[in-house]
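Please consult the structure below alongside the text.

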Amino acid sequence: MGKATEWFRRTFHRMGSPRWFFAGSRGWMLGLYLVGGALIAIGSAWGLGFAPTDRLQGDSYRILYVHVPAAHLAEAVYVAIAIAGAVHLVWRMKMADLAIAAAAPVGMTLTAAALATGYIWGIPTWGTGWVWDARTTSMLVLLFLYFGLIALRQAVPRADRAALAVSVLAIVGVVNIPIIKYSVDWFTTLHQPASIRIGERPSIDPSMLWPLAVNALGYYLFLVGVVIAALRAKIIEREAKADWVRTWVQAR
Amino acid sequence: MTPLRRQRAATVLFVLAGAGVTLAVAMLALEQDINLFYPPEQVVSGEAPIGKRIRAGGMVAAGSVAHDDTGLGVSFVVTDYQGSEFRVDYEGLLPGLFGEGEGVLVAGQLRADGVFEAEEVLAKHDENYMPPEVADMMAATGEQP
Amino acid sequence: MMEWLAMGGHGVYVWSAYALSAAALVGMGVWPWLALRRARRRIAAALAPNQPVRAGDRKRPEPGQGDVA
C-alpha cells in the first residue's frame, strides 16, 4: 500500500474520533478565520475601490465579487455535505453526521446571500430582481434542500434515525448541483453563462479577475474555518456526557 | 471494505443513480417549460404560440431601435445573427443595459403578423466583463470578446 | 470620495449587496462560537447544580470576527 493511501486511511480513522478532532482543530480554525478574513477584506477593497469599471454595467458589476463566491461556496458546501452523507451511510461514522449538522446552516446562509445579492444585482442590470429561469429556480431549490436538511433532523425524534434520514436527503439532493451549474447551458435563461470554465480563458478581464480570485480563496478558507468551528460546537453538544468533555468544561 | 459496507455503498450508488435518472427524464420531458424564452428561430418558424403570453429573446439588431413621437413607444428588431429575426413593439421604460447589439428578453404576445407586442423588456447581458478601454481597443482591432 | 460612494449611480445596489454579504459572513463566523459557549455553560451547570452557572465562565476574546470585510 502506498504512503498516500496509508496517510489517508489513518487520517480517515482519526477524523472518526470527535475527541481527536476537537483537540487538534483549534489552531487550524483560528488560522483559517484570520487568513480567510484578511483575504476577503483585501479582495473586497480591491473589487470596490481599485478594479476598473465594466464597459457595459459600470460599477454595478462589482456585486460580482460577493455574489460569485457566495454562490460557488453554496454549491461546494452541498457537495461536501453529500459526501459526508455517503460516508455516514456506509461507515456509520458519527463525525460525518456531525459535519452535516455543522455545515447545513452555513450552506443555507450562503445560498440566501447568493440569491439576495443576485436579486440586488438584477435590478440595475436585467431590469428585474427575480425571474423564474432555470438558474434562479434551481438555486432556490438548493435553499429549500438546506432548509430540509435542518428541518428533517428536528422532525425525527431519535437522533440515529434522524441522522440516517438526513444523510439520504443529502445524497439525493446532490443531483441538483449539476442542474444549477449547467442550467445556463442546457436551457434558455436570463442569467448569463459562466465566465470562468475549466480549460478555457476566463471571459473576465485580468484586471477584474484578480480581486475575484482573492475573494473566492478567502471565502473558501474562512468558511472551512467556520465549518470547523461549528463542528467543534456540535461535538461538545453531542458528547456532553463523555468524560473528556466534562474534563474540558471543568478545566475552563 | 466489509461485505456490509460494500452493500451499503451499492445502495448509496443505486439511490443516487435512481434520483439522477428520474430527474434527467423529467427535465427532458419538461425542457420546453424549463426554457425561459423562445429564441428568434422558434418565433419565426411558428413554434412560439400566437396570442398567448410568452417570452422571447435574442440580440437587439444594430440600427433597428426607433422611438415614436411620444417618446414612450419604441420598436426594435430581435435577431439571432443567423437569419431569424422579428420586430418588437413596446411602450414603457427600458432597462439600463438595453442597447443595440446587446441581449434582450421580451414578455408579451406574438401577433399573427409576426410582430411581438411586448409588455415587459428585460436586458440579458453576456458573460464578458472588461474595462471600457479594453472594449474600445478590441473594437478598433475588430476582435470579438 | 463622494464619487466613489455613488458608484456611478448604482451605489445603493453595490453597497447594500456588500453590507448584506458582510452581515452574512460575520453571522456565520460568530454563530459557532456562541453555540460552543452555550453548550459549555449548559454542561457546566449540569455538573455543578448548586453553584452559580457563571463560575469559571471567563469571557475571552473571539478572534476572527473583526477581520471580515
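A cavity is a set of grid points where a 1.4 Å probe fits but cannot get out, and its lining residues have an atom within 4 Å of a point. The model discussed here is predicted. One cavity of 30 Å³ or more is counted, and chains A and B bury about 3600 Å² between them.

**Enclosed space**

- The largest cavity holds about 30 Å³ of space.
- Chain A contributes Val66, Ala70, Leu110, Ala113 and Tyr219 to the lining of this cavity, while chain C contributes Ser21, Ala24, Leu25 and Met28.
- At least two lining residues come from each of H3 and H4 of chain A and helix H2 (11-47) of chain C.
- H2(C) gives the largest share of the lining, four residues.
- By class, the lining comprises eight nonpolar residues, one polar residue and no charged residue.

**Interface between chains A and B**

- In this interface, 43 residues of chain A are in contact with 34 residues of chain B.
- Carbon and sulfur atoms account for 65% of the buried area.
- One salt bridge is counted between the two chains; A:Arg55 pairs with B:Asp126, with the closest N and O atoms 3.4 Å apart.
- Polar contacts between chain A and chain B number 16 residue pairs, both residues being at pLDDT 80 or more.
- Helices H3 (64-91), H4 (94-125), H6 (159-173), H7 (176-186) and H8 (206-238) of chain A each give two or more residues to the side that touches chain B.
- The largest share of that side, five residues, comes from H3(A).
- The side of chain A that touches chain B has 26 nonpolar, twelve polar and five charged residues.

Methods
Residues are numbered from 1 along each chain as its sequence is written. Chains are lettered from A and ligands numbered from 1 in the order in which they are written. This is a predicted model: local features need pLDDT of at least 70, side-chain atom pairs count only at pLDDT 80 or more; totals for chains, interfaces and linings use all residues. Side-chain values use heavy atoms; hydrogens and water are left out. Contact means heavy atoms within 4.5 Å. Buried area is the accessible area (1.4 Å probe) that two parts lose on being put together, summed over both. A salt bridge is a side-chain nitrogen of Lys or Arg within 4 Å of a carboxyl oxygen of Asp or Glu. A polar contact is a pair of N or O atoms within 3.5 Å; within protein, one must be able to donate a hydrogen and the other to accept it, and residues adjacent in sequence count only if both atoms are side-chain atoms. Ala, Val, Leu, Ile, Met, Phe, Trp, Tyr, Cys and Pro count as nonpolar, Asp, Glu, Lys and Arg as charged, and the others, Gly among them, as polar. On a 1 Å grid over the protein atoms alone, a cavity is a set of points where a 1.4 Å probe fits but cannot get out, and a pocket is an open set with protein on both sides within 12 Å along at least five of seven lines; lining residues have an atom within 4 Å of a point. Grid points are joined across faces, edges and corners, and a volume is the space filled by probe spheres set on the points.
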